[in-house]
Amino acid sequence: MGKALDGVRILDFTHVQSGPTCTQLLAWFGADVIKVERAGAGDITREQLRDVPGADSLYFTMLNHNKRSVTIDTKNPEGKLVLEALIQKCDVLVENFAPGALDRMGFTWERIQELNPRMIVASVKGFGPGPYEDCKVYENVAQCVGGAASTTGFDDGPPVVTGAQIGDSGTGLHLALGIVTALYQRTMTGRGQKVLAAMQDGVLNLCRVKLRDQQRLERTGVMKEYPQYPNGTFGEAVPRAGNASGGGQPGWILKCKGWEHDPNAYIYFITQAPVWVKICNVIGREEWATHPDYATPDARLPRLKEIFAEVERWTMTKTKFEAMEVLNEHDIPCGPILSMKEIAEDESLRKTGTVVEVDHPVRGKYLTVGNPIKLSDSPTDVKRSPLLGEHTDEVMAELGYSREQIDALRTAGAI
Ligand code: COA
């Protein structure tokens, strides 16, 4: 069976996390992703957070599956010629250098268009055009400037960044969508175009509900599903909401049996309105189903703390999995707080290919997150990440270079 992006060639000039996430997805959908790295060094993450001496780090291997690696010094005049040949052969150039780096290398949008008018040039940058467009940006900076940090954490504590890499991997996802959309448009126009995903914009897109809340706050001065209601105070900006649900169905994280020694013995519990009567029955507060102080969502809003405390008295009698089983029997939405250990050992995630074991010639077996997007006609086979320059000769030969030419370029330090 073919793959969705069979025949699409990606010139992958990405490094660290945001860009590599994007090109890894495209590779999983079947694109031929040729990762360009500097000889002797490569993507800086190859050696960051190393856990096996001499082996590519998990940071690198988990972001660069199914790609080919070629080494080119793109500041060397002969190396530039090799890159030009690749630009002429590929459909998409993806990069996440610091602003201006590609131009400084001599590969401006205009130059790339001269070489290949069908080329799509896709970039991750920290910020879009504006006062900060020249700034370098990493994950947590993006979370801070995109509105995530100011709205994450508890009211009485400082802003908090999340473990989910919404700035890097989130922006990589946005960029991948931009690329396939530009490829689709190219089938009609025959032309390439620039695709930009700014990390600030990507994070803000994922924090859309908080911009919603900012406007609600300005209109009404209060948000009744936030823990600040009814006894706390609201300021001018959306406050940190602790574990309150971002939607219209109030929720909170509650202790389960064993919470005293297990930091993850908790469950997320949602008081979804349609199952309120069932909730009352499960926790043994049947009278709340009809009591005017509890029977309707509006009546419950000022009493959420008391309600969650009562539900917690029940969840503390069960493990998080026992609680989930009972609650699901009654269609009550909830979710156990799963540790990474539990996720790594989860058999159902292995079966679907969301958690995959991969073998690597230097580091041996390791776990990775497979393709979270499943296409029925384009299944993903996760293949190990390439060693540095593993495919240089192969790709050079495909570009028409002879053995002698390849050796000469290597001696000259161009590849
Ligand atoms: N051959 C020769 N030179 C190469 C090369 C190659 N194959 N690959 C990269 N380089 C050069 C670049 O041209 C650049 O040179 P210059 O500074 O002289 O122009 C240099 O390597 C460093 O690139 P840069 O992107 O500036 O790396 P950095 O380590 O200084 O910064 C980031 C890293 C992530 C902060 C920066 O790339 C950035 O802000 N990227 C955009 C936002 C982003 O993606 N951030 C998230 C990362 S997960």
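Reader: How far is an oxygen atom of the ligand from an N or O atom in the side chain of Arg 38?
Author: The separation between that ligand oxygen and the N or O atom of the Arg 38 side chain is 3.1 Å, a polar contact (N or O atoms within 3.5 Å). This is a predicted model, with local features needing pLDDT of at least 70 and side-chain atom pairs pLDDT 80 or more, while totals for chains, interfaces and linings use all residues. Numbering starts from 1 along each chain as its sequence is written, and side-chain values use heavy atoms, leaving out hydrogens and water.

Reader: Which residues come nearest to the ligand?
Author: There are 23 residues around the ligand (a heavy atom within 4 Å), and those that come nearest are Lys 75, Ala 98, Arg 104, Lys 136 and Val 137.

Reader: Is Ser 385 buried or exposed?
Author: Ser 385 counts as buried because its relative accessibility is 0%, where buried means under 20%. Leaving aside residues up to four places away in sequence, Ser 385 touches Phe 60, Thr 61, Asn 64, His 65, His 360 and Tyr 366 (heavy atoms within 4.5 Å).

Reader: What about His 360, which strand is that in?
Author: His 360 sits in strand 10, which spans residues 355-360, and with a relative accessibility of 3% His 360 counts as buried too. A polar atom of the His 360 side chain lies 3.1 Å from the backbone nitrogen of Val 362. Among the residues that His 360 touches, again not counting those up to four places away in sequence, are Asp 56, Arg 384, Ser 385 and Leu 387.

Reader: Zooming out, how many helices and strands does the protein chain have?
Author: The protein chain has 17 helices and 11 strands, and of its 415 residues 45% count as buried. Its C-alpha atoms fill a box of roughly 85 × 45 × 40 Å along the principal axes.

Note on methods: Buried < 20%, exposed > 50% of the residue type's maximum accessible area, 1.4 Å probe, protein only. Polar contact = N/O pair within 3.5 Å; in protein donor to acceptor, adjacent residues only side chain to side chain. Helix = DSSP H or I, 4+ residues; strand = E, 2+ residues; numbered from the N terminus.
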